[in-house]
Amino acid sequence: MVRPLRRRREESRAHLTATPRCGFPDWRVEKALATGLFERLHVRFYDDAWCSYNHAGINGVMQQWNKWTARYPASKVYLGLVAANLPGKNDMVSPKQLYLDLLPNVQKAANYGGVMIWDRFYDKQTGYGKTFKNWA
């Protein structure tokens, strides 16, 4: 499936992206990623207690982040964050923690691409992305 998309991408300037979970490797997309055709990886650092910032801290995030960026050096890797805490979850990183702790560390990777926010509905409600769009 990925190879036909590559031909179409070359014709239309489309970007192949994947959104794996933060635990490396993500077996759900591992085979597709092994093709080397994905330009962008939006790695979800939420919904997973052992690698989301509020549960695992900076060490838990960086342990997985470094694996993703090292394994896919030709892809831009994006830090996937949530725009709001949903009931029963505590995955939203505060702007202060993002600015002072998380971004300075992930931005050291040569293939750091930026921040991916899930999802636009909550981002519009909270304004989360606006608070750091100039830092990311």
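Start with the buried residues of α4, which pack against α3 (53–71), β3 (76–82), β4 (112–118) and α6 (128–132). Contact here means heavy atoms within 4.5 Å. Helices (H or I, at least four residues) and strands (E, at least two) are DSSP runs, numbered from the N terminus. This is a predicted model: local features need pLDDT of at least 70, side-chain atom pairs count only at pLDDT 80 or more, and totals for chains, interfaces and linings use all residues. Residues are numbered from 1 along each chain as its sequence is written, and side-chain values use heavy atoms, with hydrogens and water left out.

Now select α4 itself, residues 95–106. Its buried residues are L98, L102, L103 and V106. They sit on the same side of α4, because they cover an arc of only 95 degrees around the axis. That arc is taken from the directions from the helix axis to the C-beta atoms. Buried means under 20% relative accessible area, exposed over 50%, partly exposed in between (1.4 Å probe, protein chains only).

Turn to the face away from the buried side. Exposed K96 and L100 are there.

Next, the aromatics. The whole structure holds eight aromatic pairs. Rings of Phe, Tyr and Trp (its six-membered ring) pair if their centres lie within 6.5 Å; planes under 30 degrees apart count as stacked, over 60 as edge-to-face and the rest as tilted.

Select Y99 and W135. Their ring centres are 4.6 Å apart and their planes at 55 degrees, so the pair is tilted. Y99 lies in helix α4 and W135 in the segment after α6, so the pair ties together parts 36 residues apart in sequence. Y99 is partly exposed at 45% relative accessible area; W135 is partly exposed at 30%.
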